[in-house]
Amino acid sequence: MSAVTETVESRLDPRRAVRTVVEAGDHWMHELKAGQTLRIVDLEGNQAVDTFFLDAHDPAERYCAQTTIRAQGNLYLTAGTRLMSTRGNTMLEITADTCGRHDTLGGACAAESNQVRYDIAKRPMHSCRDSFLLALARSGRNLSKRDIGPNINFFMNVPVTPEGGLSFEDGISAPGKYVEMKAVRDVLVLVSNCPQLNNPCNGWNPTPVEMLVWDPWRPVQVGRIPVS
Amino acid sequence: MSTLLYSETLPGGASWSARLRRSQGLRLVDASGTANVALTLLRADDPTERLNLPDTLKSQHIARLTYPYVLQSDMGHVLASVTEDTSGWHDVLCGLSDAALVEAKYGEATYQAARNARHTNAREHVLVELGKYGLSERDLPSAVNLFSRVSVKEGGALAWEPQGKPGQSVTLRFEMDVLIVVSATPHPLDPSTTWAPQGVELEVLRCSPPRADDPSRTVRPENDRAFTLTERLYL
């Protein structure tokens with residue numbers, strides 16, 4: 001088990017990657033092929049990146065936070081973590097991490113959970129689940145809320161105490177910190193660059209992140225799914 | 001206040017499901033003190049709404065389930081409240097066991113060889129029970145493990161800790177019409193390699209509706225708002 005302070009640098013050359021900036025509050029959906037590597041860069045620091053994975057060919061198999069946690073016997077994600085599916089298969093593996101720890105307990109913010117957590121009048125505020133749903137609607141894949149489970153919050157700090165308490169803390173990330181993961185199978189990557197303004201998960205100021213994709217065989221086209 | 005409607009015995013290694021109504025309850029009694037019951041919930045009249053553990057944990061600032069906390073759906077509603085709990089800690093982190101985990105830990109025991117003492121697992125139990133209502137793998141929620149204590153140490157390491165409280169019980173009061181699924185199978189982190197799943201008694205109750213000062217409602221301001229949103233479903 002990696003200690004939370006350990007970090008692992010990447011050996012990949014960013015000049016060989018296809019790069020896309022995702023602004024705060026935007027979504028990004030991309031099919032990452034087996035063998036390809038995705039790096040997410042926290043450009044300005046303290047930015048939560050809500051991320052979910054579905055099997056590209058059979059999306060009934062999807063990322064499972066609980067299986068990932070229990071398979072590694074540790075709550076926090078970092079280099080070496082295998083990101084597991086609802087069927088107990090490895091979907092991706094985290095190969096580099098200069099932040100040191102990421103959350104998969106807190107899930108995504110939603111209009112409805114914001115009403116509970118902050119104020120019933122907060123419903124109109126933008127949220128990660130709305131971004132996920134728009135990305136699924138635009139994908140043309142007949143996917144819906146049914147297909148979304150608890151996700152990963154890269155760069156987010158949700159410490160749990162030995163007594164079973166939980167809190168949202170200011171991020172431990174900083175400008176330029178990144179996390180990198182290699183796909184073991186073809187996966188659909190669903191990202192919401194978190195728009196939350198009600199807690200410190202984005203340092204009270206949501207900012208852009210960058211996606212870098214390395215293809216071991218050939219250049220790839222990445223970017224947002226075009227409007228059909 | 002609650003009255004018993006009926007009770008059933010859930011043997012170790014078996015699963016159970018039911019549609020239960022708002023203001024009904026379910027008390028689970030573990031005579032052995034070593035049972036584990038995986039449990040999940042969906043909204044009965046719209047199962048795309050289901051137990052959401054991230055929302056449950058972050059709005060109540062908890063990483064375990066106990067009295068008087070609630071289980072929330074992904075739509076800001078209260079599916080169930082814990083109205084009584086003598087165990088003190090139910091795991092919310094580790095989810096469902098699966099066939100590969102059970103075979104690796106306990107070995108193979110097929111129906112052909114072991115009949116109804118065969119090795120079962122929580123994931124397949126939940127899929128089978130969901131199938132009885134026309135639901136499938138796409139509808140699979142995350143799950144809690146009743147009667148199992150898993151704490152988080154410095155650095156994030158999980159620690160399964162035996163509770164050993166014979167006769168321990170927990171009671172849920174449903175705040176919505178729900179589909180409930182339970183599986184009496186060993187916790188994924190239970191270190192024992194002997195297949196000995198313990199059963200529980202299931203008592204289906206009629207409960208008094210929660211009052212304005214109900215502890216599940218007043219324990220946090222977030223819970224009061226979740227109850228308000230839930231009441232709007234039944235106006």
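**Exercise 1.** Against which strands of chain B do the buried residues of H4(B) pack?

*Solution.* The model is predicted: local features need pLDDT of at least 70, side-chain atom pairs count only at pLDDT 80 or more, and totals for chains, interfaces and linings use all residues. Residues are numbered from 1 along each chain as its sequence is written, while chains are lettered from A and ligands numbered from 1 in the order in which they are written.

Step 1. Locate the helix. Helices (H or I, at least four residues) and strands (E, at least two) are DSSP runs numbered from the N terminus; H4 of chain B covers residues 122-131.

Step 2. Identify its buried residues, a residue being buried if 20 or more other C-beta atoms, placed from the backbone, lie within 10 Å of its own. They are B:Ala122, B:Arg123, B:His125, B:Val126, B:Glu129 and B:Leu130. Seen down the axis of H4(B), these residues fall within an arc of 160° (taken from the directions from the helix axis to the C-beta atoms), so they line one face of the helix.

Step 3. Find the packing partners, where contact requires C-beta atoms, placed from the backbone, within 7 Å. The partners are strands E2 (15-20), E4 (37-43) and E11 (178-183) of chain B.

**Exercise 2.** Determine the strand order of the six-stranded open sheet in chain B.

*Solution.* Step 1. Apply the pairing criterion: DSSP must find at least two bridges between two strands.

Step 1. Begin with E1(B), which is joined to E12 (residues 200-207) by eight antiparallel bridges; here B:Tyr6 stands opposite B:Val204.

Step 2. Continue from E12(B) to E3 (residues 24-30), an antiparallel pair with six bridges. In this pair, B:Leu28 has B:Leu202 as its bridge partner.

Step 3. Examine E5(B), which pairs with E6 (residues 78-85) in the antiparallel sense over three bridges, B:Val70 standing opposite B:Ser81.

Step 4. The edge strands, E1 (2-10) and E5 (70-72), each pair on one side only.

**Exercise 3.** Describe the side of chain B that touches chain A.

*Solution.* Step 1. Count the residues in contact: 40 of chain B and 37 of chain A.

Step 1. List the elements of chain B that give two or more residues: helix H1 (53-60), strand E8 (149-152) and helix H6 (221-231). The largest share, six residues, comes from H1(B).

Step 2. Classify the residues of chain B. Ala, Val, Leu, Ile, Met, Phe, Trp, Tyr, Cys and Pro count as nonpolar, Asp, Glu, Lys and Arg as charged, and the others, Gly among them, as polar. The division is 18 nonpolar, 11 polar and 11 charged.

Definitions and conventions: Buried ≥ 20, exposed ≤ 12 C-beta atoms within 10 Å, placed from the backbone. Contact = placed C-beta atoms within 7 Å.
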